[in-house]
Amino acid sequence: MTKVGIAELKANLSSFLRRVRQGESITILDRGMPVARIVPVEFDNGLEIIPAQEPSSDFFKVPPADAPPPQTDVVELLLEDRARR
């Protein structure tokens, strides 16, 4: 592990960050006392990517402007939803 003072870190920040990208950890010293550590980022955030169930082209279908509004019975939709649960 590399140790570096604040003044040297400020003067050569790019080169130290390059070393961190390569996997090295750097301890930052303030008058010889450790105050911080720069470490490589770990990208495993535990999220799982789930593919879409429907083709994305179906999500954005817009009816023609001259099409009549759909006739929807709200009560029927609510009863169907309740029956599925």
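**Exercises on a predicted model**

Threonine 2 is found in strand β1, which spans residues 2-5; helices (H or I, at least four residues) and strands (E, at least two) are DSSP runs, numbered from the N terminus. The model is predicted, so that local features need pLDDT of at least 70 and side-chain atom pairs count only at pLDDT 80 or more, while totals for chains, interfaces and linings use all residues. Residues are numbered from 1 along each chain as its sequence is written, and side-chain values use heavy atoms, with hydrogens and water left out.

**Exercise 1.** Determine whether threonine 2 is buried or exposed, and list what it touches.

*Solution.* Begin with the cut-offs: buried means under 20% relative accessible area, exposed over 50%, and partly exposed in between (1.4 Å probe, protein chains only). Threonine 2 has a relative accessible area of 16% and is therefore buried. Next, take contact to mean heavy atoms within 4.5 Å; leaving aside residues up to four places away in sequence, threonine 2 touches Phe16, Arg19, Glu24, Ser25, Ile26 and Thr27.

**Exercise 2.** Work out how the strands pair, and in which sense, parallel or antiparallel.

*Solution.* Start from the order of elements along the sequence, which is β-α-α-β-β-α, with three helices and three strands in the chain. Two strands pair if DSSP finds at least two bridges between them. By this rule β1 and β2 pair in the parallel sense over four bridges, and threonine 2 stands opposite isoleucine 26 in β2. On the next step, β2 pairs with strand β3 (residues 33-38) in the antiparallel sense over five bridges, where threonine 27 has arginine 37 of β3 as its bridge partner. Finally, β2 and β3 form a hairpin with two residues between them, and arginine 31 in the turn has a positive phi of about 55 degrees.

**Exercise 3.** Identify the residues of the largest nonpolar core and the elements that give two or more residues to it.

*Solution.* A nonpolar core is a set of buried Ala, Val, Leu, Ile, Met, Phe, Trp, Tyr and Cys residues joined through side-chain atoms within 4.5 Å. The largest has six residues, namely Val4, Leu9, Phe16, Val20, Ile26 and Ile28. The elements that give two or more residues to this core are α2 (13-21) and β2 (26-30). Leucine 9, one of the six, touches Val4, Phe16, Ile28 and Ile38 when residues up to four places away in sequence are not counted. Over the whole chain of 85 residues, buried residues make up 11%.

**Exercise 4.** Find the salt bridges and state how exposed each partner is.

*Solution.* Side chains of opposite charge can pair when their charged atoms come close. The criterion is a side-chain nitrogen of Lys or Arg within 4 Å of a carboxyl oxygen of Asp or Glu, and the structure holds two such salt bridges. In one, glutamate 24 meets arginine 19, the closest N and O atoms being 2.9 Å apart; glutamate 24 is partly exposed at a relative accessible area of 25%, and arginine 19 is partly exposed at 30%. In the other, the side chains of aspartate 30 and arginine 31 meet at 3.8 Å, N to O; here aspartate 30 is partly exposed at 30%, whereas arginine 31 is exposed at 80%.
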